[in-house]
Amino acid sequence: MAVGVDIGSLTAKTVVMDSDCHIASYRVIQGKIVDEAAGIASLNQALADAHLTQAEIGFLITTGYGRNMVSFGHKSITEISCHARGAQFLFPGVRTVIDIGGQDSKVISLNGTGSIINFAMNDKCAAGTGRFLEVMAHALEVPIEEMGALSLEAKSPATISSICTVFAESEVISLTAQGRTKLDIIAGIHEAIGRRMHSLVNHVGMTPPVVMSGGVAKNVGVVHVLEKLLETEIIVPPEPQIVGALGAALFARDELKGKVKA
Amino acid sequence: MPRSKINDIMDRFREIVDKPYEKLKQWKEANKKKIVGCSPMHFPEEMIHAAGMLPVVLQETDETITTGFSYLYPFFCGITRNLIDIGVKGQLSFLDGLIYADICVQNRTAASILRQNLPAIHVEFAQLPSSFTRKGVMENTVKELDRIKASLEKLAGRKIDDKSLKQSIAVYNKNRSLLRRLHDLHKANLRLLPYRDIQVIVQSSMLMPKEEHTELLEKLLAEMEGIKPPSAKGNKLFLSGHLCQSPKADILDLIEGVGGIVVDDDLYTGYRYYAVDAEMNGSPVEALAKRHLEKSLPVPTRTGLPMRWEKYLVERVKACRAQGAVVLLVKFCEPHLFYYPFIKDALAEAGIPHIMVETEHEVVSLEGVRTRLQAFIEMLK
């Protein structure tokens, strides 16, 4: 069995893959602080789902920001390569991957044969990350998973000018005080993320088809704003959070078959 | 045991690079000689040497900027803010002279601030020409160097004659030729020294008395030339940028840690510093002017050079057969930032993959940089 474990900042994901490239099982574990234990938990749960034991792991690749912090795993590969590989597997012919994770966001450009030709990463600014959305959801007292749908009902999205999470939070509080509706504020937050991502996309250049991965892809409001700004359709896989772990599992499968690519 | 001899010499180099200003202060007390600090890049140190003083190229330290904050905007580059900060805190007060050469607006501002705040130090600003195609550029350069020479003579209390200036040029040429030997040795044996150590060797050459550095470097080369290190495995990279300061060792370690091997560079604390010599015949001041005007490697702070930087960079990357380039860009370095779009286009056109890493004085999280560098290496495979 080939296994990919993606240890992100807010979630740990595992994908178990059989020799025919079928996903045998997958798990996403949410945690306040994701560490080695969360990675192991997601791994053990995914293995249990597939009725497997750790002894049956043929090759395990770790990815994500915690990829080098863990003691298990045979090799680590960056989430940039893994998201590209996972997206390419799910949607052959994809040319641009937008990944918005918990603590950073990336835009990856692929050529016609699926190789990465360029990428850009936003790792300094929290806007355009899952954490930004979490903070805003908390400030507005709205469940994070409802933000997407709510924003689509907004009549006049508020303008969130700040791109810093801390200042944007105070901006949201003053907008609330001014009587702006939650719907308009949420839509404004999504637009702020969209603008941030738009500039990151411009760094590498965009060629369709575009796939979006990472937890934020579950937010229909952000996807909608990005589609509008980029003037293109964005394909979202049914489980956008496991794309990195899937890519890692595919690289692990390469190792088992003796063809090493990364 | 050759390895321990190498380590001993490297320790001597590291000692001064780790705490440059403390060590220089001690050196001054022990040797009772004047020390003149030079801003990086363009000023010929030979002139200070010929006046019997110790020239040192100012280096950025890791110190957190505190007092300096009230003297300068935070959008000035790291080395400028750092030098102002340690200057106003009194750490540069042991210097007898300070020579700034015109390289950028930030550098000019730094010269003015230090002149105002360190009145005991003799501060000079060398207005070396920026445009090399202007009429009379050679005459003007010689005239300006002569003016600085007179100013240094006043500070040193002695004349700088042609004979002593020529002797100083010879001392500097010798050191440069040894650094070029090190450069060649590294290219032939890529695992001989980590790249951070090569930076230390060049930086220490900017801080130690040249004769002492030359002696140590000769011994080091003699020890290393007999070593056969294991063959280097990894992706060969060219390092470009950092026009007037050394990249932090952490970044160099990261590049090597994720599987990159630095084969060559165009860094200031690298090939740029020792690539060319000054001529030994004719007038020595003219020889220094010629080194500046005719032999300068392409640089974004000068115009009218025989070759543009991006073209030169592509040629250098191809010559050393690097698979990719890492552009190290100092945050807020305007000359480099203005030039980067040309570099980006030229590298893309030549089919050379590159990654730009912005570096800062303040310690930022290196994890993001690690991911980007590792992904870049994975992309090259």
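Trainee: Which residue is the bridge partner of A:Thr14 in S3(A)?
Mentor: A:Arg27 is the partner of A:Thr14. This is a predicted model, where local features need pLDDT of at least 70 and side-chain atom pairs count only at pLDDT 80 or more, while totals for chains, interfaces and linings use all residues. Residues are numbered from 1 along each chain as its sequence is written, chains are lettered from A and ligands numbered from 1 in the order in which they are written, and side-chain values use heavy atoms, with hydrogens and water left out.

Trainee: How many bridges pair strand S2 of chain A with S3(A)?
Mentor: Seven, in the antiparallel sense, with S2 covering residues 11-17. Strands here are DSSP E runs of at least two residues, helices are H or I runs of at least four, and both are numbered from the N terminus. Two strands pair if DSSP finds at least two bridges between them.

Trainee: And what order do the strands of that sheet take?
Mentor: S3-S2-S1-S4-S5 in chain A, an open sheet of five strands with mixed pairing. S3 (23-30) and S5 of chain A each have a single partner strand, so one side of each is left without a neighbour in the sheet.

Trainee: Which helix lies across strands S1 to S5 of chain A?
Mentor: Helix H8 (residues 243-257) of chain A, running at about 145 degrees to S1(A). Angles run from 0 to 180 degrees between N-to-C directions, with axes fitted to C-alpha atoms, for helices over the stretch in contact. Contact means heavy atoms within 4.5 Å.

Trainee: Switching to chain B, what is the strand order there?
Mentor: Four strands of chain B form an open sheet, S2-S1-S3-S4, with parallel pairing. Strands S2 (54-57) and S4 (122-126) of chain B are at the edges, each with a single partner strand, so each has one side without a neighbour in the sheet.

Trainee: How many bridges join S3 of chain B to S4(B)?
Mentor: Five, and the two strands run parallel. In S4(B), B:Phe125 is the bridge partner of B:Tyr100.

Trainee: At what angle do the axes of helices H8 and H9 of chain B cross?
Mentor: Roughly 155 degrees, and the axes of H8 (residues 195-207) and H9 (residues 210-224) of chain B come within 8 Å. H8(B) and H9(B) are therefore roughly antiparallel, a label for angles over 145, with under 35 counted as roughly parallel, 65 to 115 as roughly perpendicular and the rest as oblique.
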